[in-house]
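Subject: Structure handover

Hello,

Here is the structure I said I would pass on. Please open it first; my notes on what was found follow below.

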Amino acid sequence: MPQVIVQHLSKIYNEGKINEVRALDDVSFTIEKGEFIVILGASGAGKTTLLNLLGGMDKASSGLYKIDDIEVTSLKDKDLTKVRRDDIGFVFQFYNLMPNLTAYENISLAESVSKGDGSASQKALEEVELGDRRNNFPSELSGGEQQRVAIARAIVKNPKLLLCDEPTGALDSKTGVSIIKLLKKINKENQTTVIIVTHNANIADVADRVIRIHDGKIIEDYFNEHVKDPEEIVW
């Protein structure tokens, strides 16, 4: 059984009005555990709307979305919060770290919210190769290092899905490649399902599978026959 099932998912704003917007329009697909997927599309295509629905940060207007045996689209707010807390890791373009907390504290806060005992935070830091930077504040870290802390914060609870919204968008090409390599490593070693939303078509070349979105609809869904190494990406 697929880890993720999406059937006829739609998100409509101002439904029935003259200014109705179909941000997502009758989208269907499945995802197997451990896939590395890129959702590709231009600005306004609907890809971030889809990511928000997959992450439980927004509710669909219609359709079905399941993670394993959890039907997310039918959950009440309290249960939806639990899914976000326990099952989904988020990585954002601009890191969203707490500036007054150290790297370690940012991660351990996320672990404590998901009811961890604190033992996984240092391991997560080491997994993103920042074990020696645990006591540094975000302002003392480079953009790439801050994104690595953000990734560690996302994986510390061992999520079912790791959702990444333009994770290299604020980084230079060299640093961006290093972040993609790290996400690939986490995907392979932990069998974590990774979904990256991006407008950068070159990143799609490193994915197992690419889902292209335009005007709220899936226009292409394919597996890469020749998956590139991140070092081969031309930015």
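**Salt bridges**

Asp68 is partly exposed, with a relative accessible area of 27%. The model is a predicted one, so please read every value here as computed from that prediction. Asp68 forms a salt bridge with Lys160, and the closest N and O atoms of the two are 3.1 Å apart. Asp68 lies in the loop between strand S4 (62–67) and S5, while Lys160 lies in the loop between helix H5 (143–155) and S7, so this pair ties together parts that are 92 residues apart in sequence. Lys160 is partly exposed too, with a relative accessible area of 25%.

In total the structure holds 16 salt bridges. As background, side chains of opposite charge can pair when their charged atoms come close.

Another of these bridges joins Arg209 to Glu35, with the closest N and O atoms 3.2 Å apart. Arg209 belongs to strand S9 (residues 209–214) and Glu35 to the loop between S2 and S3, so the contact ties together parts that are 174 residues apart in sequence. Are Arg209 and Glu35 buried or exposed? Both are buried.

Within helix H2 (residues 77–87) there is a local example. Lys82 forms a salt bridge with Asp86, the closest N and O atoms being 3.3 Å apart. The two residues are four apart in that helix, which means that about one helical turn separates Lys82 from Asp86. Lys82 counts as partly exposed, at 44% relative accessibility.

Finally, a network of salt bridges links Glu20, Arg22, Asp25 and Lys217.

**The chain as a whole**

The protein chain has six helices and ten strands. Its radius of gyration is 18 Å, close to the 18 Å that the globule rule gives for 235 residues, so the chain is as compact as a globular protein of that length. Along the principal axes, the C-alpha atoms fill a box of roughly 55 × 45 × 35 Å. Of the 235 residues in the chain, buried ones make up 50%.

How many of the residues of strand S8 (residues 193–198) are buried? The answer is six of six, and the strand is described as mostly covered. In a regular strand the side chains alternate between the two faces of the sheet. In S8 both faces are covered: Thr193, Ile195 and Val197 are buried on one side, and Val194, Ile196 and Thr198 are buried on the other.

S8 pairs with strand S3 (residues 36–40) in the parallel sense, over five bridges. Here Ile37 stands opposite Ile195 of S8. S8 also runs parallel to strand S7 (residues 161–165), and five bridges join these two strands. In this pairing, Cys164 has Ile196 of S8 as its bridge partner.

**The antiparallel sheet**

Four strands form an open sheet with antiparallel pairing, in the order S2-S1-S4-S5. Its edge strands are S2 (21–31) and S5 (70–71), each of which pairs on one side only. Strand S1 (residues 4–13) runs antiparallel to S2, and seven bridges join them. In that pairing, Ile5 stands opposite Thr30 of S2.

**Rings**

A pair of aromatic rings is described by the distance of the centres and the angle of the planes. The count for this structure comes to one aromatic pair. The rings of Phe90 and Phe92 have their centres 6.0 Å apart and their planes at 10 degrees; planes under 30 degrees apart count as stacked, so this pair is stacked. Phe90 is buried, with a relative accessible area of 15%, whereas Phe92 is partly exposed, with a relative accessible area of 25%. The cut-off between the two classes is 20%.

Which charged ends sit over rings? The charged end of Arg134 sits over the ring of Tyr104, 3.9 Å from its centre. Lys184 has its charged end over the ring of Phe36, at 4.8 Å from the ring centre.

Regards

Terms used. Residues numbered from 1 in each chain as written. Predicted model: local features only at pLDDT ≥ 70, side-chain atom pairs only at ≥ 80, totals over all residues. Heavy atoms only, no water. Buried < 20%, exposed > 50% of the residue type's maximum accessible area, 1.4 Å probe, protein only. Pairing = 2+ DSSP bridges. Phe/Tyr/Trp six-rings, centres within 6.5 Å; stacked < 30°, edge-to-face > 60°. Lys NZ or Arg CZ within 6 Å of the ring centre and 35° of its normal. Salt bridge = Lys/Arg side-chain N within 4 Å of Asp/Glu carboxyl O. Rg over C-alpha atoms; globule rule 2.2 N^0.38 Å.
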